[in-house]
Each structure stands twice: as C-alpha cells, then as structure tokens.
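Please look over the sequence and the model shown here, and follow the report below as a guide to its parts.

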Amino acid sequence: MSSTIPHPSPHRLPQPFREPPALSRVEVTGEPRPGLILLVNPFYPKDPHGSFGKHVLTPSLALTTLAGATPPGWTVRYWDENLLQGPPPFEPLPELVGITVHLTFADRAYRLARTFRALGARVVLGGLHVSACPDEAAPHADAIVTGDGVPVWPRLLADLRAGRLEPRYHGDWRELPYRDHPRPDRSILPRSSFLTTSSVIASRGCHNQCDFCCLATERLTTPYQTRPVADVVAEIRATGEPYSVFVDNNLGSRRDYLRSLCRALEPLGHIWSAAVTLDVTDEPDLVRDMGRAGCTGVFVGFETLSRVNLEAVSKRSPPPEEYTRRVRLFHDHGIQVNGSFVLGLDDDRPESFPELVGWIEAARLECATFQILTPYPGTPLFARLEAEGRLLHRSWSLYDTAHCVFRPRHLAPEELEGWYGWCYERVFSPASVWRRRPESLPAAGAYLAMTLLYKRCNPLWSFLIRRRLVRAAWRPLVQLSRLRHLAGRRRHRQSLEVPREADSPAPAAGR
Ligand code: B12
Ligand code: SF4
C-alpha cells in the first residue's frame, strides 16, 4: 500500500451549500388547510469537488410524478430546499406533506417530518431510501410508501380523506402498467430555477445488475418496462423546452426501443442527453440515430479500466481496451461523453487513478464524474462488505459517494478520499479542460463555454441559484448548442445523400 496520500487543495463550501436552512424558529398558529399538499425535496450538502450547477440542471421526477398522480380536489405545492430559498413554507400549514427520501438526506427528511408533524400536518415519506430501509423510516411519518408511488398515491389520499390513513403502503412495480402512468405535472415547478424542467423518463430497470447499483436493492428491483414512444415524445413536446434530460437509469437497455425513440424524436429538432451503457456502441447505426435525433450528450458508466473490477461487480460491459474506440464513435456523431467512474473497487491501487485520468484525457471525454464506491443498504455490495467486516459506519449522510465508508482492499480510506479529490481537481483544471476539447473548432468553442460555466464557476452558481437566474444564465448556451447541433445534422445529411432506408449499419454510414 502506498503511503503517498494526495492532498487536493481545500475547496471552500459556502454555507448555503453546506448546511440546511434553519428550522428553529418555526411557529404556525392556524390549522392545517384541508386539501393542501406540499411536496418536498430536502436539502443535501454539496460536494465541494463537483459543480454546484449540477444540482439545478433538472428537477428529480419523483415529486412531479406524484403531482401528476394526484386526483382532482387537491392543491399541490412544490418545495426544493436545494434551490436556496430557505426552508419549506409552513404557512398556510398543509394538510399533507409528502417528502422524498434518499439515503444522503434521510436525516434532513426526518427532521422536516418531525417539524411538520409537531405543527399538526400529516407526513408521508417515500422514495429510494424508504424502500430500502422501511423500518428505519416508519417511525418518522404518519405513513410510508415503498416501491412505486404512482398506484399508491390516489389510494393514500382517499384513505386520508376518509380518516383511515394506514401506516404503510406498498406499490408493486407491476400494479399499474407503465403505459398507464399519468404524465408528471411540471406546472408546480419554479421554471426559472432549473436549466430545464424537461427531465423525462422513458423506461425503468436495466438489463445489467451491477452489485453496487441501487437497482440491485431488494424492493427496488423493478421489472424492465418502457413507456410508449408516442407518449414520451408528446410529453417532451408539451414541456415547450428546447432541451430534455432522460433520467432513465439506462436508456439503452433495449436497443430496439431506443432506436424507435430516436426515430420519433428526430423531427422535433430538440436536443437531449441520457445515461446509456457503453454496449449501445455495438450498433454504430444506433449511435448515428441518436445523433440525428438530437442527442448531444451521454452519461456512460465505464466504472473502471480494470477487467477484474468489472467482473467482480458483475457489470457486463465491453472490455476496457475497447473504450477509446467506442468513445470515438459517440464523438463522430456529435455526442459528448460524460464518463462515470467508481473509485475504490477491489482491484484499485494508488497507480490506478493517474492511469484513469490519463485515459480520460487521451480519449478526450468532455466530462467525468467520479464516485467513491458506496454500498447502498440492501444491495449485494452492502451485504458482501458487511459480511467481510469492511463497513466503517452507518452514517447515511456520508454515503454520498464523496466519502469512503468502507475499508478498500489496497488503500486506506483517507487515501481513497485523497485520490477522489485529486481526480476531480485534475479533470476540472484549465489544462485538462483544454486538452480534452473537441477537435472541431466550433464544437470546441461551445464545449469550453459550457465547461467553464459548469465546472469553474461555483461562486457564480451560488449567486445564480439564490437569485433564480439559473435558466436565464444557461438558456443562451442551450439555444446555441441546439442550433449548432441542427446545423451539424443538416451538413451530415447533405454529405451522405442517401435515403434512410439505404443506411448501412456500418460505422461509415454515420461519417
Ligand atoms: C435526477 C437525479 C439526480 C439529480 C437530482 C436529485 C435530487 N435529489 O433532487 C442530481 C443530478 C442533482 C442528482 C445528484 C445525485 N444523485 Co442522483 N439521480 C437522479 C436520477 C437520474 C433520477 C431521479 C428521478 O427523477 N427518478 C424518477 C422517479 C420517478 O423515481 P423515484 O425517485 O424512485 O420515485 C418513485 C418512488 O421512489 C416513489 N417516491 C419517491 N419519492 C416519494 C415521496 C413520496 C411522498 C411518495 C409517496 C413516493 C415517493 O414514487 C416515485 C414513482 O414511483 C436517479 C436515477 C433514477 N432513474 O431514479 C439518480 C439517483 C437517485 N442518484 C443517485 C446518486 C448516487 C446521486 C449522487 C450522490 C451522485 C453524486 N455522486 O453526486 C448525487 C447526490 C444527490 C442527492 N443527495 O440526492 C443514486 C441514488 C442511490 C441511492 N440509493 O440513494 C440514483 C438512484 C442513481 C443510481 N442509479 O445510482 N441525482
Ligand atoms: S449498468 Fe448502470 S443502471 Fe444498469 S445496473 Fe449497472 S450501474 Fe445500474
């Protein structure tokens, strides 16, 4: 084990990104207002190594989905504490407060629940962490919801009206076919606070089952399901946004579905990004279709450069020696790549991290996201590390992928955290941003503007978020990207001069 622990320079984390808004002086005199529902996304501390802008790109779909499933006769309000506008409004006091809970902000969610209940509101908790650890969440709420919230929500509201709210509800993932789910209600969102309110989901589940992924959690293992393509496209159109983010865990899990989606999206002239697994590049013409359909960026879980690591976490993925060629395929079709990497897998050693960053630069990944391996409760990884006596604690707020919460095989925990900071510092440095610029000049200009705003402007983000200027700041860059993408597409088509039916699945078809 190396004794050299890298010490990345300390980052200042402004107080609003570090601490939740105070709840100490909450006083409410009135009774709960009948029919008023408040949906809350609790505060979580931000990672000083990452971009603060990341948290205001798109809203999570959990709360808009519940709003969409709310029957008539209720008024729904939305509050996201991460938008830095203070704690949720307590006046008028809602009849019901619904809080979404992830493990990193479970403590904050419980604190909010306690406060609202003390004032006389009823509180329902749901979300990933409630599904993973229902017994922990139950004492903090009047009711908890595990599994799919959509089929349960109208039932729960009817029970509340009838005065027979139950302490636990479970939504089976197959209870309501995915095609029959109501559309999320985005009218509750503060539009100016997000880059785009068009976060969209088309599928759930994944053909892989990596042992660290939350999809491997008991009660969260969803059968693979897709929404009808026409519904997804109509929903995107209705948002009126130029840019959408697919929040599917893996939009590329079923390639025939992705292909149909691309064909239906192409005429919209819209741009979008999505998480896909690298194996979509098995079919180069699918990547070409993605580019033509407006895909400007993909989030790809490469995870590691080590084959041993890939096998150990049961990730079925193309081998690392093929990564560069496959990245190039995305680039050839105007698609930027944000690579996601898990640090601290059992085959990782101190020399793995400089090697990884070296590869990221050589392959010119436009963006990289690092996560320290984190055992989410209920996953096979959690069970394994627990059985091996390698878990350091169960302080969930530190299970945020920026802290090492287990004993890595070949590194000390603090050494791994040091390498994590080092990787971000290197990849966000001006020299590295420059080295990874796209080869074409216009693309490089857009990339540099976006990257500098996203990665190098954390003090500015604090100002933009508080003043609700996020959308205004991003919008010109988004429009520019869209116009550039459309122009590129037109040039591409002209240079090919072959009708779509004649397209060959060979890589050359997209060049
Ligand atoms: C959008 C998103 C973000 C956004 C916004 C997150 C936020 N909290 O606001 C951003 C980019 C900021 C983000 C950041 C991070 N994220 Co994130 N993110 C997502 C993503 C892609 C989509 C979330 C979403 O909209 N899902 C769709 C909704 C409909 O599903 P859902 O939330 O499960 O809700 C359903 C049920 O759970 C239930 N439900 C949910 N809430 C409630 C509440 C009530 C009252 C009821 C009744 C029911 C209910 O009903 C809903 C409908 O069935 C998910 C992956 C995914 N596809 O879910 C990852 C995911 C949630 N993120 C994850 C992680 C790890 C992170 C980061 C730590 C990553 C990082 N290294 O920075 C940070 C930390 C942020 C944090 N502490 O939350 C993990 C969470 C793992 C875990 N076990 O907690 C996920 C699952 C990705 C993954 N596969 O690993 N994320
Ligand atoms: S490929 Fe990605 S989404 Fe699928 S199981 Fe693995 S980590 Fe989860």
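## The nonpolar core

In the largest nonpolar core, which has 126 residues, L125 and L343 touch the most other members. A nonpolar core here is a set of buried Ala, Val, Leu, Ile, Met, Phe, Trp, Tyr and Cys residues joined through C-beta atoms within 7 Å, and a residue is buried if 20 or more other C-beta atoms lie within 10 Å of its own, exposed if 12 or fewer, and partly exposed in between, with the C-beta atoms placed from the backbone. This core draws at least three residues from each of domain 1 (16-178) and domain 2 (198-493). In soluble globular proteins, nonpolar side chains tend to be buried together.

When its neighbours within four places in sequence are left aside, L125 is in contact with I99, V101, A109, A113, V130, A137, H140, A141 and I144; two residues are in contact if their C-beta atoms, placed from the backbone, lie within 7 Å.

## Model and numbering

This is a predicted model, in which local features need pLDDT of at least 70 and side-chain atom pairs count only at pLDDT 80 or more, while totals for chains, interfaces and linings use all residues. Residues are numbered from 1 along each chain as its sequence is written, and chains are lettered from A and ligands numbered from 1 in the order in which they are written.

The chain is divided into domain 1 (16-178) and domain 2 (198-493), with bounds that come from an automatic or database domain assignment. Their C-alpha centres lie 27 Å apart, and the contact takes 28 residues from domain 1 and 32 residues from domain 2.

On the side of domain 1 that touches domain 2, α1 (15-18), α3 (106-119), α4 (128-132) and β5 (143-147) each supply at least two residues, and α4 gives the most, with 3 residues. Helices (H or I, at least four residues) and strands (E, at least two) are DSSP runs numbered from the N terminus.

## Surroundings of the ligands

Ligand 1 is surrounded by 36 residues, of which the closest are G98, T100, G126, G127 and G149; a residue is near a molecule or strand if its C-beta atom, placed from the backbone, lies within 6 Å of it. The elements giving two or more residues to this shell are α2 (61-68), β3 (94-100), β4 (122-126) and α6 (149-161), and α2 gives the most, with 4 residues. The shell around ligand 1 also draws at least three residues from each of domain 1 and domain 2.

Around ligand 2 lie C206, N208, Q209, C210, C213, L215, N249, N250, T277, G301 and K315.
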